[in-house]
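Open your viewer and load the model. We will start with the whole fold and then step inside.

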Amino acid sequence: MSMNTGLTRNPLRRVLDYAVLSVLAFVFALPAIYLLIGSLKPSDEVLNGLSGFLPTNLSFDNYTAVLDSLNSESTGYFWRFMGISLLLAFVVVTGGLFVNSMAAYGLSRLKWRGQNAVFTLVLLLMLIPFESVAVPLFYMFNDQRNTLPILALPFIANAFSVYQFHTFFRTIPPSIEEAARIDGAGPWRTFFAIIVPMSKPAFASVAILTFLIQWGSFLWPVLMVSDPAVRPLPLEMSVFQAQLPPDWGQILAFGVLLVLPVLVVFAFFQRWFVQGVASSAVKG
């Protein structure tokens, strides 16, 4: 009797779980839906409360207006701002994957004196918000303002990325490295030929999170950029939004254009990212 009751409850509970999760997903998606619909509506219909969700009078006029308004030397070029942001994100992500994964490999798989103390320092660095060191960094690198390298270099080494790689590398069986050493492979060859191919989920997760943080970076460009020629896209959006009177349809269209690269990056790394999340859930 109890077994039959359990069998009948499981499907009902599964349906209830999916219903609750679907409602929560819809609630979290509401701002994105409003952003997309609002970007396609006339500006005078955007800020109309719940009626802003109604897909009426849709067109791509706001997107055309944004691209046309940022298409001269006086205003700057939209695609230049986009290119600067993409270049900075590429440098931070690729450089971060190399530097942070190597640091994590040395902390998790190699044995050396002071290893635990250094890893403890990495954990402590995770507790320090960037806002608390932004002003000292500003005075340290004041002579390099309005240059692209200074917008990227402070963010390549990241304590949280080191921790993510360290956690994943610790799950790899030591016997794999022992077999590599027997075959004559040194630490460098072992890392690039064995550890890296086995760690695609970790690399994908770190790449997505790093790109997301770097793509939305605002405080550091505000401090270090005054030349429109090196202005990244999020900073340009703040300048665009400050124009009076505000055109909310165009502002939302700008927001959609700002979000698109993030979706492309997530779609590219999605398979390995999901694998990493699933493996972490199973191990947890």
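Predicted model: local features only at pLDDT ≥ 70, side-chain atom pairs only at ≥ 80, totals over all residues.

Residues are numbered from 1 along each chain as its sequence is written, and side-chain values use heavy atoms, with hydrogens and water left out.

**Whole chain.** Switch to cartoon view: you will find 13 helices and two strands (DSSP runs, H or I of at least four residues for helices and E of at least two for strands, numbered from the N terminus). The protein is more spread out than a compact globule, because its radius of gyration is 24 Å, well over the 19 Å that the globule rule gives for 284 residues (taken over C-alpha atoms; the rule is 2.2 Å times the number of residues to the power 0.38). Along the principal axes, the C-alpha atoms fill a box of roughly 75 × 70 × 35 Å.

**The cavity.** Now look inside, where a search of the whole structure finds one cavity of 30 Å³ or more (on a 1 Å grid over the protein atoms alone, a set of points where a 1.4 Å probe fits but cannot get out; lining residues have an atom within 4 Å of a point). The largest cavity holds about 80 Å³, a volume being the space filled by probe spheres set on the points, which are joined across faces, edges and corners.

**Its lining.** Select Ser 85, Leu 88, Ala 89, Leu 151, Gln 214, Trp 215, Ser 217, Pro 221, Pro 232 and Pro 234 to show the lining of the largest cavity. Then color helix H3 (78-108) and helix H10 (200-215), each of which supplies at least two lining residues. H3 gives the most, with three residues.

Terms used. 1 Å grid on protein atoms, 1.4 Å probe; cavity = no way out; pocket = protein on both sides within 12 Å on 5 of 7 lines; lining within 4 Å.
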